[in-house]
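Subject: Structure handover and findings

Hello,

Here is the structure we talked about passing on.

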Amino acid sequence: MRSRTPDRLCAEAVETARAAAVDAAGADAVGEYVGAEADGDRVVTHFFECREAAYRGWRWAVTVTRASRSRLVTLDETVLLPGPDAVLAPQWVPWSERLRPGDMGPGDLLPTAADDLRLEPGWSGEDEPAPNSVLAEDGSAAAFVPGEDVEVSERAGAPQADAAAGPSGEVVRPGPSRGAITAVAQELGLTRPRVLSRLGLHLGAERWEKAYGAHTPMAQSAPASCTTCGFLIPLGGSLGQAFGVCGNEFGPADGRVVSLGFGCGGHSEAAVMPTPPQPAEPILDELAVEPMPLHPDRAGGSVEAGGPTEELGHS
């Protein structure tokens with residue numbers, strides 16, 4: 001418990017405290033005396049202003065103490081602490097809360113928490129067999145459940161080579177091996193340990209709708225929506241009902257997930273360019289002959305041959 005009244009001898013040791021602060025930081029860094037504060041029985045902290053330009057509002061805190069029944073005050077510690085008006089760094093925020101979309105660069109790794117609400121368990125092939133599976137842990141036939149997880153042959157009581165007899169005489173054939181199940185799961189893309197949950201799908205849909213949705217200025221001025229655009233690459237699953245991927249390299253959303261209500265000026269049917277007219281090929285008549293005289297006809301001019309030539313402006 002902190003004492004309300006400072007110890008008298010420790011409170012009077014101001015010069016001892018100043019000497020300790022000067023010894024730790026130098027005479028130029030220690031300023032005026034600010035006050036004292038009791039930290040406990042016979043423990044007092046003295047405060048001095050800090051003159052360092054980089055530590056505006058900070059104070060040198062020198063703690064002194066004395067033993068019981070002793071009049072000798074000794075030094076405990078000297079530290080630099082922020083005062084009420086000190087300039088402090090912003091409160092530390094965990095990296096997971098500071099991270100923003102687009103912050104990751106080449107080589108960066110972004111771990112996901114095991115309890116991330118955006119993900120839910122998928123099928124990895126390493127889980128235990130289902131309760132109604134015909135495969136037990138050792139690979140043999142599990143407990144027989146008629147009509148659910150076994151195949152009953154037409155000839156009851158006549159087990160085949162690779163089958164086991166059930167409790168009522170039915171022939172129980174074991175299901176496919178785990179290797180076969182894994183191969184089918186890999187072909188179907190079901191080997192991911194975790195997949196997007198409904199929350200993760202909704203969060204992604206909200207981001208995509210906000211960035212490339214029907215309410216964006218680009219979509220409002222577009223001649224048509226992406227639903228009728230030939231550059232739209234459809235998505236599978238439930239997201240395909242509302243989103244697709246733009247495949248127009250000249251569009252503003254090339255390679256991005258866009259809402260079906262989005263649109264831009266690069267719509268495939270917005271303005272079909274007319275086919276430029278093809279000029280007709282020149283026709284050359286190689287059969288007809290057109291006479292072309294090599295010398296001009298003297299009698300074919302505007303002046304009669306042998307007529308007067310005066311006042312005509314030429315000879």
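First, the ground rules. This is a predicted model, so local features need pLDDT of at least 70 and side-chain atom pairs count only at pLDDT 80 or more, while totals for chains, interfaces and linings use all residues. Residues are numbered from 1 along each chain as its sequence is written, and side-chain values use heavy atoms, with hydrogens and water left out.

**Pocket**

The largest pocket has a volume of about 890 Å³. A pocket here is an open set of points on a 1 Å grid over the protein atoms alone, with protein on both sides within 12 Å along at least five of seven lines; lining residues have an atom within 4 Å of a point. Volume is the space filled by probe spheres set on the points, which are joined across faces, edges and corners. The lining has 26 residues, and the closest to the pocket centre are Leu 99, Pro 101, Leu 110, Arg 118 and Arg 207. Helix 5 (198-211) and helix 3 (95-98) each supply at least two lining residues. Helix 5 gives the largest share, 7 residues. Helices (H or I, at least four residues) and strands (E, at least two) are DSSP runs, numbered from the N terminus. By class, the lining has 15 nonpolar, 5 polar and 6 charged residues. Nonpolar covers Ala, Val, Leu, Ile, Met, Phe, Trp, Tyr, Cys and Pro; charged covers Asp, Glu, Lys and Arg; the others, Gly among them, are polar.

Ser 96 lies in helix 3. Ser 96 is partly exposed, at 48% relative accessible area. Buried means under 20%, exposed over 50%, partly exposed in between (1.4 Å probe, protein chains only). Ser 96 and Leu 110 are 14 residues apart in sequence and 9.0 Å apart in space, C-alpha to C-alpha.

**Cavity**

The whole structure holds 1 cavity of 30 Å³ or more. A cavity is a set of grid points where a 1.4 Å probe fits but cannot get out. The volume of the largest cavity is about 100 Å³. Of its 15 lining residues, Cys 226, Cys 229, Cys 246, Gly 263 and Cys 264 are the closest to the centre. The lining splits into 10 nonpolar, 5 polar and no charged residues.

**Cores**

A nonpolar core is a set of buried Ala, Val, Leu, Ile, Met, Phe, Trp, Tyr and Cys residues joined through side-chain atoms within 4.5 Å. In the largest, of 18 residues, Ala 21, Val 30, Phe 48, Trp 60, Val 62, Val 64 and Val 73 touch the most other members. Helix 1 (8-11), helix 2 (14-25), strand 2 (43-50) and strand 3 (58-65) each supply at least two residues of this core. A second, separate core of 7 residues includes Tyr 212, Cys 226, Cys 246 and Phe 262.

Thr 45 lies in strand 2. Thr 45 counts as buried, at 5% relative accessibility.

**Salt bridges**

The count is 2 (side-chain nitrogen of Lys or Arg within 4 Å of a carboxyl oxygen of Asp or Glu). Asp 7 and Arg 66 form one, at 2.9 Å, N to O. Asp 7 lies before helix 1 and Arg 66 in the loop between strand 3 and strand 4 (74-82), so the pair ties together parts 59 residues apart in sequence. Both are buried. Glu 12 and Arg 8 form a salt bridge at 3.5 Å between the closest N and O atoms. Both Glu 12 and Arg 8 are exposed.

Best wishes
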